[in-house]
Amino acid sequence: MEGVRQIVVVGGGPAGMMAAIKAAESGAEVVLLEKNHLCGRKLAITGKGRCNITNTKPWSEFMTHVHPKNNFVKSAFFNFSNEATIEYFNSIGLETVETQGDRVFPKSMNAFDVVDALVDRMRQVGVKVVADADLLAVCTDGNIFKCTFNDLSSPRFIRTDVVMAKALIIATGGLSYPATGSNGRGYEVAASLGHTVTDCFPSLAALLPRNYDSRLYDVELRNVGLNLFVDHDLIQSEMGEVTFTEDGIEGPLGFRVSRKAIHALENGSSVELVIDLKPAVPINELKERVKREVASFKWEVPMINEARMKKILRRFMPAEMIDPFYAMSKNLTVNTLADRLKDWRFPIAKHAGFRRAVVTAGGVSLDEVISKTMQSRLDKGLFFAGEVLDLDGDTGGYNLQMAFSTGALAGLSAAKYVAAL
Ligand SMILES: Cc1cc2nc3c(=O)[nH]c(=O)nc-3n(C[C@H](O)[C@H](O)[C@H](O)COP(=O)(O)OP(=O)(O)OC[C@H]3O[C@@H](n4cnc5c(N)ncnc54)[C@H](O)[C@@H]3O)c2cc1C
C-alpha cells in the first residue's frame with residue numbers, strides 16, 4: 001500500500017471499529033487492518049448471539065466491575081459513557097433494549113445487527129477496511145509507523161505488504177477465543193515497541209472440578225450461594241445462578257468467581273468452590289426442615305437406605321442432581337444432610353483456558369498508557385484500545401463498554417494528534 005496514511009487501526013473488533021469511526025468522524029483519513037475476512041467475528045457471538053452491548057449502571061457501580069485498575073477507564077468512560085453508547089447506536093439506526101440487571105441489547109437480540117451497524121458506519125464515514133490483513137510487525141523511526149502484514153486474501157499464496165501511518169491504534173484484542181482472530185499478536189507488537197505486557201490469564205472461564213460427574217452437565221441452579229476458597233481461605237461469596245457444563249462450573253456465578261480462582265490456580269494455590277443450595281435458610285431451620293421431611297415418610301431412620309435417601313433428596317433439589325449429589329456426598333445420612341446441602345464442595349482441578357474464556361486478564365501495562373488519551377507514554381503517535389490493554393470486566397456488558405469507550409477515546413485522540421502535526 002503506497003503513501004503514508006494518517007491513521008492505521010489494527011483490529012476490526014468493537015474497540016478498533018469504534019476507534020476508526022471516531023477518528024474518521026473527526027476528519028482523519030483512516031485505514032483499518034483486520035486479519036479475518038470480516039470484521040467483528042467475536043462481537044457476532046457475544047451474549048450468546050444477542051450481544052450485551054453495555055450496562056446502564058452509574059460509574060460508581062460500573063467501576064466495581066472493572067479490573068485491575070478501574071480508575072484508568074474513568075476518562076474514557078466519561079468521554080463516551082454507557083449512555084453515549086446507547087445514544088450513538090440509536091443514532092446510527094440500531095434500536096436497543098434494556099433488560100434485567102441493567103443490561104442493554106440490540107432490540108432485535110441479534111449480535112450481527114451490532115456488527116452491521118458498525119461496519120455500515122465505517123463505510124459511511126470513509127474508513128478504508130483492509131480485510132485478510134494479518135499484522136506481523138511494526139517499526140517506527142519516531143515519526144512514521146511501518147506496519148508489515150500478511151495479505152491472506154488469496155487462497156493460493158500469502159503476500160507480504162506494508163502500510164505506513166503517522167498514528168497507529170492497536171486494537172487487536174487479547175488471547176481468548178482465538179478462533180475469532182485474537183491470538184495475542186498485539187502483545188508481541190506492543191512489546192517490540194518497548195511496552196510491558198503484564199502476565200495474561202483467562203477470565204470468565206469455566207472451572208473444572210476434580211472427579212467431575214458428567215451427570216451434572218447442563219444442570220442449572222438458581223438462587224444458590226457460591227463461595228470461593230483459595231488455600232482454604234474464603235475469598236469471595238456470591239448469590240445467583242450456577243451452570244454445570246462439559247467444561248465445568250460456569251454461569252453468572254461461576255464466571256464471577258473465575259477471575260480470582262484462575263489467578264490462584266495459575267499461581268499454584270488450591271482452589272475449592274462450595275455451593276450452598278439453600279442460602280436463604282439458616283442451618284438450624286434447614287435441620288428442622290430435614291427432620292419434618294424425613295418424618296413425613298414415616299420410615300425408621302435406621303431403615304433409610306440409598307433408595308429412600310434419594311426420595312428425601314427429591315424434596316430438596318431437581319431430579320437430575322440427585323444421583324451426582326448422592327455420589328459426591330460420602331456417608332450421607334439424615335443427620336448430615338442439612339450440612340451437605342449448605343456445603344457442597346468442588347475441589348477445582350483446572351480451568352477451561354483461553355480457548356473458552358470470555359476475556360483475557362492482563363495485557364499492555366496501563367502504567368505506560370495515558371488514560372486521558374489512550375496514547376502510549378513511550379511512543380508518540382501510538383494508541384491502544386480494548387482488550388489488548390491490561391483491562392477486563394465482569395459479565396454484564398462491561399467488557400464491550402470498555403472496548404467502545406477506550407476505542408472512541410483512542411480514535412478521537414489519534415485524530416487530534418495527526419491534525420496537530
Ligand atoms: C463468547 C463470548 C461472549 C461475550 N459476550 C459479551 C457480552 O455479551 N458483553 C460484553 O460486554 N462482552 C462480551 N464478551 C467480551 C467481548 O467480546 C470482548 O471484551 C471484546 O470483543 C473485546 O473487543 P476488542 O475489539 O478489544 O477485541 P476483539 O473483539 O477480540 O477484536 C480484535 C480484532 O483484532 C483482530 N486481530 C487480531 N490480531 C490481528 C492482527 N495481527 N492483524 C490484524 N487484525 C488482528 C481480530 O481478528 C479481531 O477481529 C464476550 C466474549 C466472548 C468470547
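In this predicted model, strand 3 (residues 54–55) and strand 6 (residues 103–106) run antiparallel and are joined by 2 bridges. Within this pairing, N55 is found opposite R103 of strand 6. Strand 6 also has strand 5 (residues 96–99) as a partner, again in the antiparallel sense, and here the pairing extends over 4 bridges. One of the contacts to look for is that of T96, whose bridge partner in strand 6 is P106. Strands 5 and 6 together make a hairpin, with 3 residues lying between the two strands. The turn of this hairpin includes G101, a residue with a positive phi of about 75°.

We can turn next to the ligand. The shell around the ligand holds 40 residues, and the closest of them are G11, G13, G173, G181 and G386. Two or more residues of this shell come from each of helix 1 (14–25), strand 8 (133–140), helix 6 (185–192) and helix 12 (398–419). Helix 12 is the element that gives the most, contributing 4 residues.

Domain 1 is made up of two segments, 4–198 and 363–419, while domain 2 covers 207–351. Taken over C-alpha atoms, the centres of domain 1 and domain 2 are separated by 40 Å.

Methods
Residues numbered from 1 in each chain as written. Predicted model: local features only at pLDDT ≥ 70, side-chain atom pairs only at ≥ 80, totals over all residues. Near = placed C-beta within 6 Å. Pairing = 2+ DSSP bridges. Domains from an automatic or database assignment.
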